[in-house]
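Morning, everyone. Let me put the structure up, and then we'll walk through the ligand sites and some strands.

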Amino acid sequence: MNTILIVGATSAIAEEIAKLYAGQGQRLVLWGRNLNHLHSIQNNLEVLGAAEVFCFEIDLDVCGKHADLLEETVAKVGAIDIALIAHGVLPDQQTAQENFAAMRASLHTNFLSYASILTVLANYFEPRKRGTIASITSVAADRGRKSNYVYGAAKAGASAFTDGLRGRLSASGVHVVNIKPGMVDTPMTAHFKKGLLFASPKTVASGIVKAIRKNKSTAYVPGYWRLIMCIIRSIPEAIFKKTNF
Amino acid sequence: MNRCQSWGRYPKAVQEIRPVRWRDTTVPNSGDKSILPYGLGRSYGDSCLNDGQALLETSGMNRFIAFDETSGILRCEAGMSLDDILKLIVPKGWFLPTTPGTKFITVGGAIANDIHGKNHHISGTFGCHVRAFELLRSDGNRTLCTPESNTDLFKATIGGLGLTGLITWAEFGLKKVGNAWIDLESIKFTGIGEFLELSKESDEGWEYTVSWIDCVAQGKSMGRGIFMRGNHSPASVLSRKVHADPKITALFDCPDMMLNSLSIKVFNTVYYGKQRTKYVRSRVHYDPFFYPLDAVNEWNRVYGKRGFFQYQFVIPFNGGKETMEAILRIIAASKQGSFLSVIKTFGKKVSPGMLSFPKPGITLALDFPNRGESTLKLFDELDTVVAAAGGSVYPAKDARMSADFFQKAYPQWRDFSEFIDPKFSSSFWRRVTTGS
Ligand SMILES: Cc1cc2nc3c(=O)[nH]c(=O)nc-3n(C[C@H](O)[C@H](O)[C@H](O)COP(=O)(O)OP(=O)(O)OC[C@H]3O[C@@H](n4cnc5c(N)ncnc54)[C@H](O)[C@@H]3O)c2cc1C
Ligand SMILES: NC(=O)c1ccc[n+]([C@@H]2O[C@H](COP(=O)([O-])OP(=O)(O)OC[C@H]3O[C@@H](n4cnc5c(N)ncnc54)[C@H](OP(=O)(O)O)[C@@H]3O)[C@@H](O)[C@H]2O)c1
């Protein structure tokens, strides 16, 4: 049995992941900023078969609290085996272009808070010489695009950070998984028109759980996004800059 | 956005969609638009639609809250699907207290239409098994409704077509089973009379009864069909295997001509002829027994872009045979009949639901491809016969009955109106109360 920490556990994708782990009878630790919602998730996971579920309330934007809460968590639940970081926001590109405060807030959540938590987790796992850190970035990290480069840039930062951390931790046997979901039908994309490329959180969750089990370095979920992004990356900039992606 | 449709894909409706994911939600403010909860859209007509207005999409509010494995009492959020419930409970030796012909419906939908299943003659409707639910009104009020407390709201909400407020969670009792299998007997019958005898004879010893009936056959073959009766397999059978997810999806809308009267006739004849002897015994998994249509995702697209209708009514036993025969004659003559016509008798168990559809008698459900005017005319003709027999049509399947017919068949509708949340409405309700 593993103890799995989920950071940003109220995310729709994270919740599906937690359900899969619950079905396997794992222990789950949930971090999120809405305790009521965490408790709803906890009830569900318990019925689904989780060995134990613990909830901790935290606004993840407050980076100074990350280390303390990890300490408090470990003191209460014991050692962590797997940590998954899932929180995030999708800023409105237009608003971000016009309003620096809005842009900064999203960069803060999507990049700085990731950098902070990844570091806190790395410092926890490194001396223990085992464990897995999985970080949800995005296919948006693979190329800056006109329609959402503010989000994409933060995700690219988180993605590079995750990859670098993998190098740092490889000597100590800690696995670091960079998870790049494609488009997923969740509250984050509620206002989008859903085309064929949209996957359900359930499908994406099972891809993520599999990637973690197999100690993948980078996982595109669903897998066909690897090919799509390969094509998108290979479009010459002279053409790409004129597209509306 | 046109994401939320009804199963018959008729009528088309456009509405603002507000997902609700958490049971501590408040009813989202929709300005001057009225709102209606929407589960998984397995109602056929317009009872789950709110054209030009707003829908609360509840399928993301789908968490278990508590499950007592000893007493079989389950509490979950209202957007939970029967599909997910079965995956949890079957391996633990429990089954749904009653279930419709698809597992892709929500608990909220099961309550709001007070659905019935193949065990109605023994177990009544879903509402008979509900022990409690929370109802959230647009003014923010939360009411715990049980058979003992807030009884009026409890009764109005069961079968209340989503109009009394948003059910956030519900608690209901399950049925204990030893395994995932059903012992099934299929018996060919030659007419309504024989069907009624078989029903009567099976009412006590058989938990599940349902029949397929050939609604195309005329003359001597009229009313022929196959009576199916089943019981949960004995405890000596151990497997509690859960159903698998559907593997096939109907990817496109079939051309309208695919379902013409010839293909329907061939299907019915072959289906009847497939079973060669009068009696066949078998042991089947619960999935093909209860949910044969669930094997194909989005099978409703087979009926093409224009969509299709289901017509389901109930008529009292008294004079039922003659009325049913008259109806079958009209349908056969219309040459519009359907692939899957299902006939069953309802039992006496009374539901708490104020507007519930089932009453003791015979119920028949048929699919009809949408052929426009001629199909609608046929339904009006059927309504007349059903009304004369003192019967009624099932709102969950209806897209077209007249306000006049609805109000005569459900005279309690006025008392029910008192319990409607002032911000809630539906396409169906506007149609059958104001005729618009
Ligand atoms: C293949 C098939 C077979 C079927 N067989 C049967 C059968 O044997 N017996 C039977 O009775 N029915 C049957 N039905 C009909 C189906 O069971 C009902 O229409 C059911 O109510 C659909 O549930 P849903 O979750 O899809 O709800 P929807 O169709 O989306 O909504 C149905 C109603 O429930 C209300 N509602 C949904 N959620 C809530 C909530 N949280 N709070 C308040 N109101 C809510 C809606 O406002 C609406 O009025 C069948 C349907 C199909 C497609
Ligand atoms: N959906 C997609 O198409 C898609 C594609 C690629 C990558 N992703 C990434 O996948 C991850 C999960 O997203 P999702 O699709 O599941 O969306 P989601 O359901 O909207 O989840 C995002 C979650 O992040 C939480 N969160 C945001 N800021 C927070 C903060 N400061 N403190 C605590 N929690 C905070 C939110 O909590 P509240 O509920 O409290 O607001 C919300 O639960 C995100 O990193 C997202 O960027 C999503």
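The shell around ligand 1 divides into 19 nonpolar, 13 polar and two charged residues. For the classes, Ala, Val, Leu, Ile, Met, Phe, Trp, Tyr, Cys and Pro count as nonpolar, Asp, Glu, Lys and Arg as charged, and the others, Gly among them, as polar.

Some ground rules. This is a predicted model, where local features need pLDDT of at least 70, side-chain atom pairs count only at pLDDT 80 or more, and totals for chains, interfaces and linings use all residues. Residues are numbered from 1 along each chain as its sequence is written, chains are lettered from A and ligands numbered from 1 in the order in which they are written, and side-chain values use heavy atoms, with hydrogens and water left out.

Stay with ligand 1. It is surrounded by 34 residues, counted as near if one of their heavy atoms lies within 4 Å. Among the closest are B:Arg42 and B:Tyr394. Now polar contacts, meaning pairs of N or O atoms within 3.5 Å. A polar backbone atom of B:Arg42 sits 2.8 Å from a ligand 1 oxygen. For B:Ser47, a backbone N or O atom is 3.2 Å from an oxygen of ligand 1. B:Gly101 puts a polar backbone atom 3.0 Å from a ligand 1 nitrogen. On its own, ligand 1 has 970 Å² of accessible area, and the protein covers 96% of it. Those areas are Shrake-Rupley, with a 1.4 Å probe.

Next, ligand 2. How many residues surround it? The count is 28, with A:Thr10 and A:Thr186 among the closest. By class, that shell has 14 nonpolar, ten polar and four charged residues. The side chain of A:Thr186 has an N or O atom 2.7 Å from a ligand 2 oxygen. The side chain of A:Asp61 has one 3.3 Å from a ligand 2 nitrogen. Taken alone, ligand 2 exposes 880 Å², and the protein buries 90% of that.

Last, the strands. These are DSSP E runs of at least two residues, and helices are H or I runs of at least four, numbered from the N terminus. Two strands pair if DSSP finds at least two bridges between them. In chain A, strand 2 (residues 27-32) and strand 3 (residues 52-57) pair in the parallel sense over six bridges. There, A:Val29 stands opposite A:Phe54. In chain B, three strands form an open sheet, order 1-3-2, with parallel pairing. Which are the edge strands? They are strand 1 (16-19) and strand 2 (35-38) of chain B.

Methods:
A polar contact is a pair of N or O atoms within 3.5 Å; within protein, one must be able to donate a hydrogen and the other to accept it, and residues adjacent in sequence count only if both atoms are side-chain atoms.
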